[in-house]
Amino acid sequence: MIENFTIESLHDRIPIHLTKFHPMEGPARARLLILHGMCEHRGRYRHFAKFLARQELEVYTMDWRGHGDTLVDGHLGYFASESGYLVQTGDLIHVIETLDKGDLPFLVFAHSMGTLYARFLLQSRPHFCDLLLLSGPPANNSKVGGAIFLARILSAIHPTAPSVFLQKLTFSDYAQSIPNRNTDLDWISCDPENVAAYIADPLCGFPFTNRGFLDLYLLTRACFQEPSSEEMISHDLPIHLFRGKGDPCPRPEDGGPEEIKNALRNWGFSQIFEKVYEHSRHELLFDLDKEEVYRDVLEVITTHLSHAH
């Protein structure tokens with residue numbers, strides 16, 4: 001059974017759109033929330049969610065603000081007029097508190113931008129879930145300071161205008177990392193059919209607004225901020241990182257993957273595991289290694305749940 005529903009944002013009352021996938025057979029072993037990435041939507045994760053629901057999991061997908069059905073004043077790529085990334089984080093906390101009833105293990109699978117929100121939330125709520133799975137996690141970027149400066153100026157002039165300029169600034173290095181590419185989006189996948197499907201989807205690949213890009217840059221910077229001495233506490237949350245060998249988003253040629261793990265270690269997380277997939281880029285669930293990724297995610301979940309009892 002699959003059902004769509006909404007949860008009202010505590011910030012501005014907009015409906016946050018979600019889909020619930022009930023376990024196919026028997027009672028649920030755990031609840032799992034899927035957090036999609038930038039410039040996509042929850043509908044893309046339907047196949048993955050149904051796969052997990054067949055494994056006795058109660059699965060939820062949600063649309064971030066400015067994505068899919070959860071629009072703010074009708075705008076794609078726009079979170080809020082002020083502090084959008086904090087508003088978005090508040091929405092995430094509210095969704096988790098609504099879904100997590102405390103009777104089952106609560107798991108989170110996040111992709112790309114979704115991993116930024118999950119990693120940011122860890123800083124204030126290190127136990128918001130029992131198992132965290134991060135797919136295609138972006139690394140920090142030396143350009144983020146300058147990008148914030150530019151985005152602040154553009155946001156002051158026209159916050160809700162889609163910004164092709166900032167889109168190119170943000171993603172041009174990713175596109176150029178792929179030799180002999182057919183499109184500037186080849187960096188998302190080794191599978192040309194997946195790239196074509198992404199391009200054809202009107203709810204994917206759109207440019208963020210000026211304010212949306214500013215929030216993305218502020219969120220990225222916040223993910224890599226150093227904790228204070230009072231915040232340096234050890235946590236036992238298991239965190240699993242999954243990335244494609246050809247994914248430029250974690251900046252593998254520039255020490256990005258280790259930087260991501262070190263940032264988590266700085267905040268007290270020591271149970272960090274990583275797997276790299278040889279024939280994939282950014283979108284692991286849709287790329288050439290997707291069947292192996294499905295199996296690995298299920299194995300991690302099953303192993304965790306067996307040890308939790």
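This is a predicted model: local features need pLDDT of at least 70, side-chain atom pairs count only at pLDDT 80 or more; totals for chains, interfaces and linings use all residues.
Q: Why is the unit of S3, H1 and S4 called right-handed?
A: The term applies if, with the strands pointing away from the viewer, the path from the first strand over the helix to the second runs clockwise. S3, H1 and S4 make a β-α-β unit of this right-handed kind. Helix H1 (residues 46-53) also packs on the sheet, and its direction makes about 165° with that of S4.

Q: How do you know that S2 and S4 pair, and in which sense do they run?
A: Four bridges join S2 to S4, and the two run antiparallel. At least two bridges are needed, so S2 and S4 qualify as a pair. Within this pairing, Phe21 has Val59 in S4 as its bridge partner.

Q: Why is S4 described as largely enclosed?
A: Buried means under 20% relative accessible area. Six of the six residues of S4 are buried, so the rest of the structure largely encloses this strand. Both faces are covered, with Leu57, Val59 and Thr61 on one side and Glu58, Tyr60 and Met62 on the other.

Q: What makes S1 and S8 edge strands?
A: Strand S1 (2-8) and strand S8 (272-277) each have a single partner strand, so one side of each lacks a neighbour in the sheet. The open sheet runs in the order S1-S2-S4-S3-S5-S6-S7-S8.

Key: Residues are numbered from 1 along each chain as its sequence is written. Side-chain values use heavy atoms; hydrogens and water are left out. Contact means heavy atoms within 4.5 Å. Axes are lines fitted to C-alpha atoms, for helices over the stretch in contact, and angles run from 0 to 180 degrees between N-to-C directions. Buried means under 20% relative accessible area, exposed over 50%, partly exposed in between (1.4 Å probe, protein chains only).
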